[in-house]
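Hello,

Here is the structure I promised to pass on. Please open it alongside this message.

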Amino acid sequence: MREFDSIVVGVGAMGSSTTYHLARRGERVLGLEQFDIPNDLGSSHGGTRIIRMAYPEGAGYVPLLRRAYHLWRDLETRSGERLLFVTGCVDAGAPDSATVRGSLETCRLFGLEHTVFDGDSLRNRLPGYLLPAGMTAVLQPDGGFLLPERCIVNYTRAAEALGAEIHTRERVTGWDASSGGVEVRTERESYRARTLLITAGPWASQLCPVLRQLAVPERQVVLWAQPLRPELFQPEAFPVFNLEAPEGRFYGCPVYGVPGFKIGKYHHRYENVDPESVDRKIHPEDEAVLREGIRRYFPDADGPALAMKTCLFTNSPDEHFILDAHPDAENVYIAAGFSGHGFKFASVVGEIMAKMARDGGVNDANQLGMFRLARFQRKQVPDANASAS
Ligand SMILES: Cc1cc2nc3c(=O)[nH]c(=O)nc-3n(C[C@H](O)[C@H](O)[C@H](O)COP(=O)(O)OP(=O)(O)OC[C@H]3O[C@@H](n4cnc5c(N)ncnc54)[C@H](O)[C@@H]3O)c2cc1C
């Protein structure tokens, strides 16, 4: 049986970065991916992902974001490719909404540059937006978007250049852990390693049943609409957005790559799914959810749909990440439950997981306490001898 220092299961956003950071620490790493790298069956496809520094989801994320920005720039330097585009980010909603209050709070706490607008003044400055009079918008200039597929490819390449071995189209079917190390079984063969890192996205609970209620896959749909006034939706003219509206929370990006304005809505149609059997077809109801947001808030983008795609969130109960040692198995570490806002952190999550595996657990309780599994009332489901179906 071949032996490695570490095995990473799932070479998507978190796994490609984790593999790289382990290899960078001199580890002999094996990355195992069930599909291609990149693929469009998990959570990390669709051309763009928002990155933003003001963070209504919690002030605890901001120090991680600072490190994430630094590490994305480092990956750009290594790869010679531009991966992060700064457009600014608009956080908008009612003045007392969690989005606006949280955005302003993190700007204040961390001294982030920002400007506050009402609907009219925002439209004067950024005419792609049409927000109702009662809404407030916070424009924070560090926001922008990443190119997820290129980030994953470049982390994978950088890991390989440091000696990591990456296998695609090799699904992990189960694992066993003991104090001596971990044995990992795939459809093709078995491997041994000192540590196992599980970065399996929507499939995490198949490999760790303890996550069954804690990392729940949810079907999402995004739409690219042909703008009626394309000049208003170019990256130079249109910041990414995070808009808490009465209909729900919309997010989106300017035109980049495909020629459309991109929009999605958190928890789209509230469909918890199994990633093996999720409905990847697009239905008229899917377009209706997003069309409503375009017509109301971005009417100059209300042209025909150029593309629509399904994707998967993996939600934790409090929508904060899970970055921790496995509760029942030694030498096994989990990065899961990214709840629709994880991509921007992939660079720093890889670094955290590599450090965790090296140090044998979570040492930085101040920074990482909010991501520990112990915060949930966990059901005791032993995972030793776990087998994926
Ligand atoms: C529509 C949509 C929009 C989003 N927008 C944003 C955004 O703007 N900004 C942001 O920060 N975040 C955003 N997110 C969230 C973000 O994309 C995810 O949190 C992040 O990509 C999750 O990365 P991951 O590595 O956990 O999953 P993935 O990238 O899906 O990686 C998991 C990998 O594990 C592999 N795998 C699983 N099981 C096995 C197995 N048994 N054997 C081998 N391989 C296996 C899978 O094939 C997959 O490649 C969005 C998500 C969606 C769906």
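This is a predicted model: local features need pLDDT of at least 70, side-chain atom pairs count only at pLDDT 80 or more; totals for chains, interfaces and linings use all residues.

Helix α1 covers residues 13-24, and helix α2 covers residues 62-79. The two pack at an angle of about 75 degrees. Their axes are 13 Å apart. Angles of 65 to 115 degrees count as roughly perpendicular, so α1 and α2 are roughly perpendicular to each other.

Which residues make the contact? From α1 come Y20, H21 and R24. From α2 come L71, D74 and R78. By type, the residues of this contact divide into three charged, two nonpolar and one polar.

**The sheet**

Three strands form an open sheet. Their order is β3-β8-β4, and the pairing is antiparallel. Which strands sit at the edges? They are β3 (49-51) and β4 (84-86), and each pairs on one side only. From one strand to the next, the twist averages 30 degrees.

Now look at β3 and β8. Strand β8 spans residues 144-146. Three bridges join β3 to β8, and the two run antiparallel.

**Helix against sheet**

Where does α2 lie relative to the strands? Helix α2 lies across β3, β4 and β8. Its direction is at about 120 degrees to β4. So α2 has two sets of partners to look at: α1, through L71, D74 and R78 of α2, and the strands β3, β4 and β8, which α2 lies across.

Best wishes

Note on methods. Residues are numbered from 1 along each chain as its sequence is written. Side-chain values use heavy atoms; hydrogens and water are left out. Axes are lines fitted to C-alpha atoms, for helices over the stretch in contact, and angles run from 0 to 180 degrees between N-to-C directions. Helices (H or I, at least four residues) and strands (E, at least two) are DSSP runs, numbered from the N terminus. Angles under 35 degrees count as roughly parallel, over 145 as roughly antiparallel, 65 to 115 as roughly perpendicular and the rest as oblique. Contact means heavy atoms within 4.5 Å. Ala, Val, Leu, Ile, Met, Phe, Trp, Tyr, Cys and Pro count as nonpolar, Asp, Glu, Lys and Arg as charged, and the others, Gly among them, as polar. Two strands pair if DSSP finds at least two bridges between them.
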